[in-house]
Amino acid sequence: MSAPSPVELDEPVTDDITQLSTPWVTIVWNDPVNLMSYVTFVFQQYFGYARNKAEKLMLEVHHDGRSVVSTGSREEMERDVQAMHEYGLWATMQKADTP
Amino acid sequence: MSGFTRHRKSGAAVTTFTAFEADLLRSLAAQLIELLRNESATEQIASDELEDMLDFTGPTREPEDPVLARLFPTAYPEDEEASAEFRRYTESDLRNGKAAGAAMIIDTLEEAGLPAEPEDGLFIDVELDQATAITWMRSFTDMRLAIATRLGIEEGDEDFWYALPDDDPRAQVHDIYDWVGYLQETLVHALAS
C-alpha cells in the first residue's frame, strides 16, 4: 500500500460545503394500524438492517412516536420516503439538523 | 379461520381460505382498487393558477379523502412547495403500484379456484412465493389503513371496539379489520421464520 500523493485543492467555500453536506433524514411516525412485526419486517427487508437494529427502530417508533430510520442525500431520502409509502408506513423527510 | 404458515420444502407462505373468506378478501381488494381510482391522481382541484392548470404530470395537493391522504402522506411537513413536487413525481406511481398489488390478490385467489359466485363448502388453497407474499402484505396494510381511517381507529382504543354490540355494523367492520391483521401477522411470521 502506498500513501496517496498530495493533491492541490482550491480553498473550499465553507457555505457551499455546508449546504452540500447537510444530510437529510427519513422519519417514520407511529400509527395505530401497522403491526410491530410488519414494521420490523419492512425495516429489515427494505433497508437491509439486521433484526436487532430493525426492532430497535420499530420500538422507537412505537414508544417515542417517531424514529429516524435512514440518513443520506435529499435524493436518497426521497427514494426512501416513497418506498415507505409503498409499504404503507407514514414517513416524512427533513434536514438532519431540524429539531 | 386459519392464517399463513411456511411450507417446509418450498419456503412458500401457504394457507387455506373458506369460500366466504376468499370472497371477502377479493371484495376488499376490489374496493381498494376502486378507491385508488377515485379522485383521480391527475385531477386538479379548482385552481386559477395558470401553471397548475397547464401541468398534467401529477397531483400536487394532498387528496381530500382522508384514506387517500393517509395512503399518500405529505413528505415534507414544513415545506409545501417541496411536498407538492414530491407528490407530483410519486403519487401516480404509488397509486398504480397499490392498485396492481390489490389486483394481484384477486388474480391469485381466482387462479386458485375462486369462482365468481362461490358456494359454501368450497376451500381455496393459496401458495405465495416471497415476492407475491410481500405484495399481499403491502396490500393488507393498505386495506387496514383504509378501514381504520373510515372507522376512526386510534391508538389503544381496542376496548371501545370490543365493547360494541355484535349487531353494530362498526363491530362487524372491526372484526374484518382484525382478521386482515391476523392474516398480516401470520404472513410476516411465515416469511421471517
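In the predicted model, Trp136(B) is buried, with a relative accessible area of 0%. Phe4(B), at 4% relative accessibility, likewise counts as buried. The rings of these two residues have their centres 6.2 Å apart and their planes at 85°, so Phe4(B) and Trp136(B) form an edge-to-face pair. The pair links distant parts of the chain, since Phe4(B) belongs to the segment before strand 1 (5-6) of chain B and Trp136(B) to helix 5 (residues 130-151), 132 residues apart. Both residues belong to one aromatic cluster, together with Phe17(B), Phe140(B) and Trp179(B).

Helix 5 of chain B has 16 of its 22 residues buried, so this helix is largely enclosed by the rest of the structure. A salt bridge joins the side chains of Lys98(B) and Asp142(B), at 2.9 Å from N to O. Lys98(B) lies in helix 4 (residues 80-111) of chain B and Asp142(B) in helix 5, so the pair ties together parts that are 44 residues apart in sequence. Both Lys98(B) and Asp142(B) are buried.

Over all chains, 10 aromatic pairs are counted. Among them, Phe47(A) and Tyr49(A) are stacked, at 5.1 Å centre to centre and with 15° between the planes. Phe47(A) counts as buried at 17% relative accessibility, and Tyr49(A) is buried at 18%. The charged end of Lys53(A) sits over the ring of Tyr49(A), 4.2 Å from its centre. Arg138(B) lies over the face of Tyr87(A), at 4.2 Å from the ring centre.

Asp31(A) is buried, with a relative accessible area of 9%, as is Arg70(B), with 15%. Within chain A, Lys56(A) and Glu60(A) meet in a salt bridge of 3.3 Å, N to O. These residues are four apart in helix 3 (residues 51-64) of chain A, which means that about one helical turn separates them. Lys56(A) counts as exposed at 53% relative accessibility, whereas Glu60(A) is partly exposed at 24%. In chain B, a network of salt bridges links Asp23(B), Arg26(B) and Glu110(B).

How values were computed:
Residues are numbered from 1 along each chain as its sequence is written. Chains are lettered from A and ligands numbered from 1 in the order in which they are written. This is a predicted model: local features need pLDDT of at least 70, side-chain atom pairs count only at pLDDT 80 or more; totals for chains, interfaces and linings use all residues. Side-chain values use heavy atoms; hydrogens and water are left out. Rings of Phe, Tyr and Trp (its six-membered ring) pair if their centres lie within 6.5 Å; planes under 30 degrees apart count as stacked, over 60 as edge-to-face and the rest as tilted. Buried means under 20% relative accessible area, exposed over 50%, partly exposed in between (1.4 Å probe, protein chains only). Helices (H or I, at least four residues) and strands (E, at least two) are DSSP runs, numbered from the N terminus. A charge sits over a ring if NZ of Lys or CZ of Arg is within 6 Å of the ring centre and within 35 degrees of the ring normal. A salt bridge is a side-chain nitrogen of Lys or Arg within 4 Å of a carboxyl oxygen of Asp or Glu.
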